[in-house]
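Dear colleague,

I am passing on a structure that may be new to you, and below it I set out what was found. Please read the notes with the model open beside them.

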Amino acid sequence: MSQPLITLDFLDTPTLPTPAVDATTHAHEPSGEVRVSAATRTGQGRKLYIESYGCQMNFSDSEIVSSILFEQGFDTTDDLASADLVLLNTCSIREKAEQTVRMRLSQINSYKKRRPSMLVGVLGCMAERLKSKFLEEEKLVDLVVGPDAYRDLPQLIQQVDGGQKAVNVLLSREETYADITPVRLNSNGITAFISIMRGCDNMCSFCVVPFTRGRERSRDAYSIVREAQDLVAAGYKEVTLLGQNVDSYKWASEDGQEHVNFAQLLERVALVSPELRVRFSTSHPKDITDEVLHTMARYDNICKYIHLPAQSGNSRVLALMNRTYDRPWYEERVQAIRRILGDDCAISTDMISGFCSETEEEHQDTLSLMEYVKYDMAFMFFYSERPGTLAARKLEDDVPLEVKKRRLAEVIATQQQHSRLRNLAGVGKVHRVLAENFSKRSNEHLSGRNSQNQVVIFPKKHYQKGDYVNVLVHESTTNTLLGEAVD
């Protein structure tokens, strides 16, 4: 029997409001989702089952892994029981994700006992830190592979087929997988993600990403444009450019004659087709430039939506987080967005409540920043210490859990008010919506997003998924706009 798509509680609290139709587009944020590989059924001899946990970067990596293993004779399957190779692509950004993966591995091993030939592996962000526990102590897996070692999977699988355990968690300064065409798993055939860079050079004190994904490196600009062109040729209507910090994208040709920054890359992708919508995620407040904002203003097909994580509204806490900007700097970047792109440009954020030594007054500063910006949507968490981070080594996690939860509840309540207000401003206006799916409640309604990433639901009529539809919005909720298609 086929396994259902599993949705698990990765977060310490639900994230409100839901920012997209299917899943978050924010590259490094846990979405609370697990994606199971869709079946390809091309007649290959072995079957690969992948569960991808947490963030869009992981979902994108699973498409790369599927492409590599397809060349080695593997079809993907959504049926765990029939799989020859089971891979969990893991996320370390929250403690609950690790707990969930460990529990899931125990469940999978019950299948393995019935089918001893089944191979089980762990990919991604948990690989380096937990390789010894998974392989040797708990004996839950046969192979462990880090995010820069996916090209080595065929050799590692061969090693396991020969009766050995296999591991490669080495991080790379060069690997971008630029030459690999991803197998689009769980695709709606309309929206796709293009990874433009890997790793991160920022050392935010709360974050594990630099330790699990390595140093920052940018992908060849020409390979990115080619991938966008191929997607348009295949009928896709929207791409999201992915990176831990897209604004620090910088690529140079081997002869040093050509240099491309993020604003220039964004323009190149926008020029692929006026019918191709372009999104990107995630921006860092210290790096987003006016050049990027002016490029967004110049092209109608670059969506007017920016994810600009603040994390805190207090400058002392931001310094402890090693965010390398203070509150006035952040406010100036918001002012630049409003000056160049106008009030209609949507801004979303991340907020962490109860970071090390955060006082009540500093928490109030976060609420006041939210009042200043009035974000359209947000990812909101209370702080949980991650092993190996700078904060874990140097700072005391001293805010009581009940205080963290109370502060987070206040942040969520504030954001709900602002999301409701921002959505209400869309009532009475016509929005250009890319229809992506049927509404969850009815196949008589379509669901899509406007340029600002707001979810819009409208009666289907003669429209189909993949159509651009002008929708006159007549009602809004905290999460959704409701309307009717107009000619």
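Which residue just after H4 takes a positive phi? In this predicted model, that residue is Gly163, whose phi is about 100°. Within helix H4 itself, which spans residues 153-161, the buried residues are Leu153, Pro154, Leu156, Ile157 and Val160. Seen down the axis of H4, these buried residues fall within an arc of 165°, so they line one face of the helix.

Turning to the annotations, an unreviewed UniProt entry places a "binding site" at Cys55, Cys91 and Cys125. Although these are spread over 71 residues of sequence, they cluster in space, the largest C-alpha distance being 10.7 Å. Cys55 lies in the loop between strand S2 and helix H1 and is buried at 6% relative accessibility, whereas Cys91 lies in the loop between strand S4 and helix H2 and is buried at 4%. Leaving aside neighbours within four places in sequence, the contacts of Cys91 include Tyr53, Asn58 and Cys125.

UniProt also lists, in an unreviewed entry, residues 424-487 as "domain: TRAM"; over these residues the chain is 2% helix and 53% strand.

With best wishes

Definitions and conventions. Residues are numbered from 1 along each chain as its sequence is written. This is a predicted model: local features need pLDDT of at least 70, side-chain atom pairs count only at pLDDT 80 or more; totals for chains, interfaces and linings use all residues. Side-chain values use heavy atoms; hydrogens and water are left out. Buried means under 20% relative accessible area, exposed over 50%, partly exposed in between (1.4 Å probe, protein chains only). The arc is that of the directions from the helix axis to the C-beta atoms. UniProt positions are given in the numbering used here, feature names are shortened, and annotations may be inferred rather than shown by experiment. Contact means heavy atoms within 4.5 Å.
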